[in-house]
Amino acid sequence: MRYLLVEDNDQLATAVVDRLSLDGHVVDRAGNLGTAEDFIATTEYDLILLDIMLPDGDGRHFLQSHRAARRDTPIIVLTARSEVSDRVGVLDLGADDYIVKPFDFSELEARCRAVLRRQSGGASNVHSFGDVVFDPLACTLTVHGRDIRLRNRELRLLEIFICAPEQVFSKSKLVDRLFSYDVDASENAIEVYVGRLRKHLEGAAVQIVTVRGLGYRLSQS
Amino acid sequence: MSGSIHLRGSIQRRLIVQLLTGAALLATLMFLVVQSYARDLAGQSQDEILAASVTAILDSAAVRNGDLTVDIPYFAFSMLGNISEDRVFYSITRNGDFLTGYPDLPKPTAATDTSPRFRTDSYDGESIRMVTATRRMSISGQPDFIEVTVAQTRYGLRQQLAGISRTVAGFGLGFFAIAALFGILAAQSAIQPLRQLAGSVSRRGLSDLRPVSAPVPAEMEVLVGALNGFMGRLKASLSRSEDLIAEAAHRVRTPLTTVRTQAEITLRRVDKPENRQAVREMIRAIDESSRAAGQLLDHAMVSFRSDHLEVEEVEICRLTRDAVSRVVPMADLRDIELDVTIPKAAIYVKGDAILLQSALLNLLDNAIKYSPPDSRVYVHVRAVETGVEITVQDNGAGFPKADMGRLTRRFVRGSNTETVVGSGLGLTIVNEVARAHGGQLFLSNRSEEGGACARLFFPLA
């Protein structure tokens with residue numbers, strides 16, 4: 001998926017770009033509205049993340065003109081203005097969702113996914129690896145023509161693996177990605193979800209292999 | 001509230017008492033004046049008849065054959081009889097010598113001239129009115145003084161006076177009753193604008209602080225002016241604190257964004273478990289404070305908007321669907337399924353959509369936060385007889401029994417929520433929104449399955 005991030009805070013922007021890239025997305029970053037317009041003129045995006053207070057203007061004006069031009073790229077507004085009326089206001093202006101800063105990257109990821117899922121009328125973002133096909137928006141894993149419906153955490157875990165096959169992920173990294181900062185974030189819980197995925201992958205040529213002392217990786221047998 | 005008000009007297013009662021006292025005095029005065037006038041009038045007419053009678057008798061006195069004859073004419077007494085059953089006495093003297101009549105009638109006052117002399121006395125144990133007149137006659141060249149006295153008892157007069165008194169007393173009472181009626185009405189209508197003002201102020205929302213704009217009588221200008229001034233000051237002070245909280249929340253959140261971002265980036269680079277734990281705790285603390293700042297701001301917003309409730313027709317089903325779709329990503333993150341039952345037909349509630357949404361989001365947020373992963377949250381909207389009920393249930397630990405009554409208080413959190421990020425303001429907000437809309441928040445625990453059940457009721461539009 002291709003994202004456009006319009007955000008003037010460098011640290012936040014870098015962190016968001018890093019995080020989204022981990023999920024296999026391509027992210028362009030614009031530091032102001034002018035740059036954002038340039039990007040939009042030349043590239044087709046699946047999702048725009050838009051800050052409200054930008055050096056060269058109000059993100060809400062961008063939002064309005066974007067909708068007025070009948071461009072239907074979904075937009076998620078990032079706002080530090082946390083007044084409810086402001087938040088509701090951006091939805092009325094045509095935003096698909098909003099997220100209040102400071103936000104949890106997992107929440108951002110979840111909101112992006114939800115918006116993309118609502119938006120995509122089948123526009124696929126299908127990953128295939130070995131003999132399995134994975135559609136993160138439809139939440140399905142297809143093994144030998146058999147569709148398996150994945151739950152959110154299973155899906156996110158598989159997404160992590162499938163975006164970087166053969167890469168070893170430590171349990172603690174997986175905890176960060178999967179549980180955000182939840183109370184139930186424990187490395188044991190990772191084992192539960194790995195177990196579930198393994199069950200789904202039974203019979204496939206693709207496996208989650210335990211790398212003793214280091215973590216897990218997805219590999220093709 | 002009235003318990004703390006120190007009461008002294010009542011304007012209405014004072015007005016009524018004063019008006020009634022005035023009316024009573026006037027009525028009594030009228031009674032006395034009319035009565036004495038009637039007495040005079042009645043006495044005067046008796047006197048006139050008595051005088052006429054005396055004159056008639058004196059007129060009948062004649063000198064015949066050098067001797068005095070007094071032939072008392074019949075009508076001289078009959079005209080007296082016309083008045084009533086009163087007894088009549090008379091005596092005739094000549095030069096002070098008794099001639100005829102009742103010899104022991106009280107002696108009249110001495111004559112000064114020939115005009116009739118009136119006098120009230122008693123005779124035979126009864127009060128009488130007597131008239132005496134003197135006529136100078138000439139008998140055989142000698143001057144003779146004939147003196148005629150006619151007296152009459154005063155039964156009739158008294159009866160007449162009693163009758164008149166009764167009538168006048170009746171009039172007086174009637175006058176008093178009418179004056180009293182008008183007095184009470186006047187007192188009430190004088191108090192009316194005060195009552196109306198009090199009514200319109202107490203009918204207002206929790207602190208609807210608009211100035212009183214309804215017309216008031218001139219006398220109340222000062223009161224209403226002071227009231228409006230007071231409300232203006234209160235409003236200014238309230239909105240100052242709203243602004244302050246909004247500004248503070250914003251100022252706190254913006255740097256927190258940077259800190260949180262840095263912390264997340266750091267966490268990715270750190271491998272040592274104890275360092276990771278430290279960074280995680282940092283992030284948690286940041287989340288706590290940013291949530292607290294956000295909720296404080298929301299709470300201030302809710303209080304402010306509740307006080308200045310802008311009422312419109314809000315479709316609850318759509319509102320709930322929107323709120324649910326807003327929290328779906330959060331539920332997804334924890335594999336929580338939202339089981340939503342919302343009727344197809346629209347249900348309208350009068351209220352502020354932003355507030356209602358805020359209340360719903362808080363309930364949904366709570367349910368998702370406190371649910372274990374892989375569980376279900378039930379959202380149920382249903383129309384009940386007098387309103388609409390939105391129920392949010394979860395499979396979490398439920399509300400601790402001991403805390404049940406105080407969870408809607410500010411900054412109070414359940415004793416079993418330490419591990420979850422929260423501000424202790426969520427239910428406070430929900431409760432305030434419910435109350436501002438004439439609704440109610442009911443908290444309970446699901447008896448069979450366990451878990452919390454929050455039921456939000458709003459009366460229909």
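Let me start with A:Arg2, whose bridge partner in strand E2 of chain A is A:Val26. Keep in mind that this is a predicted model. A:Arg2 opens the pairing for us: strand E1 of chain A, residues 2-6, is joined to E2(A) by five bridges, and the two strands run parallel.

Now the sheet around that pair. Five strands of chain A make an open sheet with parallel pairing, and the order across it is E2-E1-E3-E6-E7. Which strands stand at the edges? They are E2, residues 26-30, and E7, residues 97-100, both in chain A; each has a single partner strand, so one side of each has no neighbour in the sheet. From one strand to the next, the twist averages 20°. As a reminder, strands of a sheet pair through backbone hydrogen bonds, either parallel or antiparallel.

Two helices of chain A to point out here. Helix H2, residues 33-42, packs on the sheet and touches E1 and E2 of chain A. The direction of H2 makes about 160° with that of E1(A). Helix H3, residues 59-68, also packs on the sheet, and it touches E1, strand E3 (47-51) and strand E6 (75-79) of chain A. For H3 the angle is taken with E3(A), and it is about 150°.

In soluble globular proteins, nonpolar side chains tend to be buried together. The largest core here has 54 residues, and the members that touch the most others are B:Ala359 and B:Leu364. Where does this core get its residues? Chain A supplies at least two from helix H5, residues 105-119. From chain B, the elements that each supply at least two include helix H5 (273-307), helix H6 (316-333), strand E11 (376-383) and strand E14 (452-459). Helix H7 of chain B, residues 353-370, is on that list too, and H7(B) gives the most, with eleven residues. By domain, at least three residues come from each of domain 2 (205-308) and domain 3 (309-461) of chain B.

Back to B:Leu364 for a moment. What does B:Leu364 contact, leaving aside neighbours within four places in sequence? The answer is B:Ala323, B:Val324, B:Val327 and B:Val392.

On to backbone geometry. Most residues other than glycine have a negative phi, and most peptide bonds are trans. In chain A, the bond between A:Lys101 and A:Pro102 is cis, with omega about -10°. A:Pro102 sits in the loop between E7 and H5 of chain A.

B:Asp335 has phi near 55° and lies in the loop between H6 and strand E9 (337-341) of chain B. B:Phe411 has phi near 60° and lies in the loop between E12 and H8 of chain B. Are they buried or exposed? B:Asp335 counts as partly exposed because it has 18 C-beta neighbours inside 10 Å. B:Phe411 has 12 such neighbours inside 10 Å, so it counts as exposed.

Last item: B:Asp307, which lies in helix H5 of chain B. With 18 other C-beta atoms within 10 Å, B:Asp307 is partly exposed. In sequence B:Asp307 is 72 residues from B:Lys235, and in space the two are 10.0 Å apart, C-alpha to C-alpha.

Definitions and conventions. Residues are numbered from 1 along each chain as its sequence is written. Chains are lettered from A and ligands numbered from 1 in the order in which they are written. This is a predicted model: local features need pLDDT of at least 70, side-chain atom pairs count only at pLDDT 80 or more; totals for chains, interfaces and linings use all residues. Two strands pair if DSSP finds at least two bridges between them. Helices (H or I, at least four residues) and strands (E, at least two) are DSSP runs, numbered from the N terminus. Axes are lines fitted to C-alpha atoms, for helices over the stretch in contact, and angles run from 0 to 180 degrees between N-to-C directions. Two residues are in contact if their C-beta atoms, placed from the backbone, lie within 7 Å. A nonpolar core is a set of buried Ala, Val, Leu, Ile, Met, Phe, Trp, Tyr and Cys residues joined through C-beta atoms within 7 Å. A residue is buried if 20 or more other C-beta atoms lie within 10 Å of its own, exposed if 12 or fewer, and partly exposed in between; C-beta atoms are placed from the backbone. Domain bounds come from an automatic or database domain assignment.
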